[in-house]
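I'd like to walk you through one model, so let me put it up on the screen.

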Amino acid sequence: MSLWQDLFGREKSGEEVAAKETELSNNIDENLEMFKEVLVDCEDVVYREAFVGVKGAYKVAIVYVDGMANKDLLNKDVLSNLMINARLVDPDPDSIKAKIQELIFDQNLAVTEVREVETLEECVTNMLSGETILLLDDHEKGLIIGSRGFIMRGTSEPVTEAVIRGPRDGFVETARMNTALIRRRIRDPRLKVKVRQIGKRSKTDVAIMYIEDLVNRPALEQVEERLNTIDIDAIIDSGYIEQMIEDNWQTPFPQIQNTERPDSAASALYEGRVVIVVDNSPFVLMVPTTLNSLLQAAEDYYERWTIATAVRILRYIAVVISLLAPAMYVALTSYHPQMIPIDLAIFLGAKRAGVPFPAIVEALIMEVTIEILREAGVRLPGPIGATIGIVGGLVIGQAAVEAGIVAPLMVITVAITAISSFAIPNYNLAISFRLLRFGFIFIAGALGLYGIVLLMLFILVHLCGLKSFGIPYLSPFVNYIDNYTDLKDTFVLLPRTSMRRRNTIAFRKNVNRLKDHRPEKFNKEDNV
Amino acid sequence: MMYKNNDMISPGQFAHILILTVVGTGILTLPRELADGVGPDGIFVLLLSALFTLVAANIIGYIIKRFPGKGYFEILTICFTKPIAYIITLLFVVYALLINAFIIRVFGEVIKMFLLIKTPIELIIFSILIITAFLARGGIEPLGRMAELLFPMIVIPALLLFLLAAADVNLTNLLPVFQASPLEIIRAVPAGFLSFAGFEFVLIFGKYLNKPEKATKAMSIGIGVVSLIYLIIYIVTLGVFGRYQMNHLIWPTLTVFKVISFPGLFIDNIESLVMVIWIFIVFMSIAPMHLSKTILLGDLLKLRERDFLALPIVPILYLIALIPDSLAETYEYMGPFSNYAITFFSIVIPVIILILSVFRKNKGRESGSNA
């Protein structure tokens with residue numbers, strides 16, 4: 001608690017932006033003055049004043065931010081209606097104002113979203129989110145017209161989580177669009193979307209989504225509680241939220257899963273997890289997260305189970321290789337040559353004899369090189385990135401062997417390691433394994449196989465202590481006696497028909513996801 | 001930290017802790033000590049001592065059931081008086097320290113012999129103790145999870161390896177049974193029972209069981225699994241080596257893997273791989289003991305926060321482990337001590353607690369009805 005406060009909560013004296021509330025007044029000119037005062041030097045704000053009604057007796061004004069509001073909608077459905085239709089009002093001077101107001105509220109605004117707010121601050125916040133404010137003479141409230149129409153990227157295929165089979169739409173930078181993409185997959189009124197604004201200056205929309213009767217309640221409560229503690233000036237990306245609400249900030253392991261895929265987010269919701277959508281970020285957060293869930297890819301569930309199981313097992317092997325392969329090389333060559341089959345050992349010894357460095361230096365040289373290559377490849381545009389890979393992988397590897405800096409087996413080891421780490425579906429997890437790999441190399445250089453096992457134990461102890469929003473990070477492996485049904489979706493993936501129960505992360509009441517369904521029935525009907 | 005653990009373990013995790021603690025303590029010497037006395041009839045000795053342990057373990061399970069949510073010290077205070085409780089708890093800590101130091105020392109020697117010939121044993125011992133302290137610092141919850149996680153990681157490869165070794169079993173080594181007289185068999189039971197040492201430690205963890213009513217079931221299943229593991233180990237090692245060869249081996253359980261040869265295996269010398277499993281086993285055996293020490297010391301010193309105690313115990317343990325000059329001396333020191341201490345803490349104390357608690361409860365009931 002105290003640590004949390006030290007990091008995030010201490011600065012109570014921080015700057016307060018728009019903490020005071022200013023009521024709108026009855027006079028439209030005064031209101032406009034207030035707007036202009038607050039938004040001084042904001043030249044992207046557009047004020048449009050107009051006189052409507054018979055003889056133009058009644059003043060209205062709209063205020064919006066250029067580029068964020070849908071101008072088309074304002075022209076066609078707001079201004080034209082106001083200015084033309086309002087002329088039809090009965091020119092009775094006493095009641096004209098009341099009538100115009102009635103007309104505006106009930107008949108004339110041909111837009112879907114209209115709300116009334118009372119304070120200036122609310123008006124400004126809404127306007128800066130892309131809405132349009134309609135101010136009326138003699139009316140002490142502002143009308144907010146839903147007119148968000150800023151530039152949006154169209155949905156496109158997610159880059160980080162591409163699939164061969166499966167939906168190709170991905171999240172975009174607009175929170176509302178993202179919630180809609182999820183809603184399209186869950187047409188259930190029990191799917192709740194709770195929006196709040198975080199960031200004193202950025203006022204970023206953060207939506208919490210969950211299915212009411214499936215969600216893991218304690219996790220949901222914690223999400224809300226932790227979001228409430230955030231007191232920051234701006235949220236640029238969901239990564240900010242992730243770092244603020246994760247359980248343990250010291251660990252290299254990601255405790256919150258992110259995805260660009262609406263199908264992954266929807267299936268997470270069906271599993272009873274909470275989804276956090278952050279505006280301006282195409283990455284949606286899913287909690288609670290387990291190590292197992294980070295090793296699942298969306299496509300696993302669309303393929304038939306035999307293939308999916310094979311891929312899963314392969315992936316777990318890839319994890320082990322990407323963590324341990326270079327360290328094992330170091331340990332075997334420098335401490336336990338008796339473990340290497342004798343023919344290989346002789347050959348390897350001959351090759352290593354020319355290498356001037358101990359195995360650990362050899363491993364570090366190659367590992368650092370490949371990490372630099374990879375980092376360079378990520379930043380470069382597509383074709384050049386591929387070139388870097390070829391130049392780095394083939395040319396440097398071959399040249400290093402010929403120059404006698406490293407042994408050929410080392411090059412193979414490093415290459416396999418790099419490929420394996422790409423087989424991990426979650427990028428964050430792959431990075432943390434990359435970090436740990438260096439730890440393993442160092443300890444293997446110091447204590448050999450024993451050191452590797454010790455570090456493995458150390459990491460396992462650490463992982464056993466980790467929790468993500470109340471769920472043990474290593475579940476279901478650490479509680480399979482109670483939740484053995486969860487094992488069906490781990491390093492194996494059993495057929496869909498056999499997974500009748502929901503993951504136990506979910507609220508325990510609605511555990512059944514599938515009625516008894518046996519494919520054998522189909523054959524019987526055929527025979528009849 | 002902000003989000004605290006609730007510090008509870010499930011009966012499944014409880015059973016896993018039990019199994020790993022016991023197996024790690026007994027696995028090394030088990031086959032030799034049994035074969036020493038009775039040879040092939042050791043199977044019956046094993047079964048008898050398993051039965052005996054089952055009774056003793058159920059007594060402990062029953063105590064946990066009877067005092068749900070109570071720690072070892074509290075139970076002792078209720079049954080005896082406070083001064084006696086202090087003494088017994090302190091003795092238990094000393095006992096745990098010694099048996100822990102013994103295991104660590106043997107472990108260090110094994111690692112030195114099989115894996116790191118040139119590395120000083122001090123470094124080997126110290127490095128694993130640090131990780132043990134790291135786990136003990138986390139409390140009971142990570143320990144429970146760790147036990148449940150590591151159990152399949154240990155048992156599945158170990159069983160596969162024993163299956164490979166089983167190819168070399170010579171049935172004549174196992175056969176003529178019923179050669180020993182019943183008296184001889186019964187006389188060998190205490191030695192067999194000693195291989196089950198370690199189950200008394202779970203009494204300390206009974207406090208954290210989220211379903212105390214399942215304690216006896218967990219204990220029985222745990223001891224059952226241990227007996228099964230021991231039976232497999234005994235049959236395979238005896239079948240491979242025979243009674244007389246086994247007597248000359250320090251660690252028959254480890255040596256048995258030397259016979260494995262499997263064509264097409266990428267890694268030669270399987271016993272180096274066995275070492276990996278062996279490190280896991282030993283770690284999961286000393287970690288619960290280490291945690292129990294910190295818990296008991298925390299109780300003795302009336303500390304609310306006891307996690308920091310895990311680290312200061314390490315140097316003490318380290319020094320004790322290095323007292324004997326050689327492996328032979330280690331066994332010599334440990335032999336007589338372990339017989340008495342294990343009997344005292346795994347049988348005598350639980351039985352007295354059981355009797356006293358029954359007695360006290362009846363007394364309490366009488367006084368309750370009078371009031």
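Before going on, a word on the ground rules. This is a predicted model, where local features need pLDDT of at least 70 and side-chain atom pairs count only at pLDDT 80 or more, while totals for chains, interfaces and linings use all residues. Residues are numbered from 1 along each chain as its sequence is written, and chains are lettered from A and ligands numbered from 1 in the order in which they are written.

Now the overview of chain A. You get 17 helices and twelve strands; those are DSSP runs, H or I of at least four residues for helices and E of at least two for strands, numbered from the N terminus. Chain A has 528 residues, and 38% of them count as buried. Take its contacts with a separation of 6 or more: 67% of those come from residues 24 or more positions apart. A contact here means C-beta atoms, placed from the backbone, within 7 Å.

K203(A) sits in the loop between β6 (191–198) and β7 (204–211) of chain A, and its phi is positive, near 45°. F469(A) also has a positive phi, near 50°, and lies in the loop between β11 (467–468) and β12 of chain A. F469(A) is buried, because it has 24 C-beta neighbours inside 10 Å. As background, most residues other than glycine have a negative phi, and most peptide bonds are trans.

On the peptide bonds, there's a cis one joining V287(A) and P288(A), with omega about -15°. P288(A) is in the loop between β10 and α10 (291–294) of chain A. Another cis bond runs from S475(A) to P476(A), with omega near 5°, and P476(A) is in the loop between β12 (471–472) and α17 (520–527).

Next, the strands. Five of the five residues of β9(A), residues 274–278, are buried, so this strand is largely enclosed by the rest of the structure. V274(A), I276(A) and V278(A) point one way, and V275(A) and V277(A) point the other. β9(A) has antiparallel pairing with β7(A), over four bridges, and with β10(A), over three bridges; to count as paired, two strands need at least two DSSP bridges between them. I208(A) is bridged to I276(A), and V275(A) to M286(A). The hairpin of β9(A) and β10(A) has five residues between the strands, and in it N280(A) takes a positive phi near 70°.

In β10(A), residues 284–287, look at L285(A). L285(A) counts as buried because it has 27 C-beta neighbours inside 10 Å. Leaving out residues up to four places away in sequence, L285(A) touches S238(A), I241(A), E242(A), I256(A), N258(A) and I276(A).

Let's move to the helices. α15(A) has 15 residues, 408–422, and its end C-alpha atoms are 22 Å apart, which agrees with the 21 Å it should span at 1.5 Å a residue. That expected span is 1.5 Å times one less than the number of residues. Its buried residues include M410(A), V414(A) and A418(A). Seen down the axis of α15(A), the buried residues fall within an arc of 165°, so they line one face of the helix; the arc is taken from the directions from the helix axis to the C-beta atoms. They pack against α11 (305–334), α13 (359–379) and α16 of chain A.

And α16(A) leads us to the cores. A nonpolar core is a set of buried Ala, Val, Leu, Ile, Met, Phe, Trp, Tyr and Cys residues joined through C-beta atoms within 7 Å. The largest has 176 residues, and those with the most contacts inside it are Y450(A), I452(A), I60(B) and M146(B). α16(A) gives the largest share of this core, 19 residues. A second, separate core of 38 residues includes Y210(A) and V274(A).

Last, the interface: 32 residues from chain A meet 30 residues from chain B. On the chain A side, α16(A) gives the most, with twelve residues.

Technical notes: A residue is buried if 20 or more other C-beta atoms lie within 10 Å of its own, exposed if 12 or fewer, and partly exposed in between; C-beta atoms are placed from the backbone. Two residues are in contact if their C-beta atoms, placed from the backbone, lie within 7 Å.
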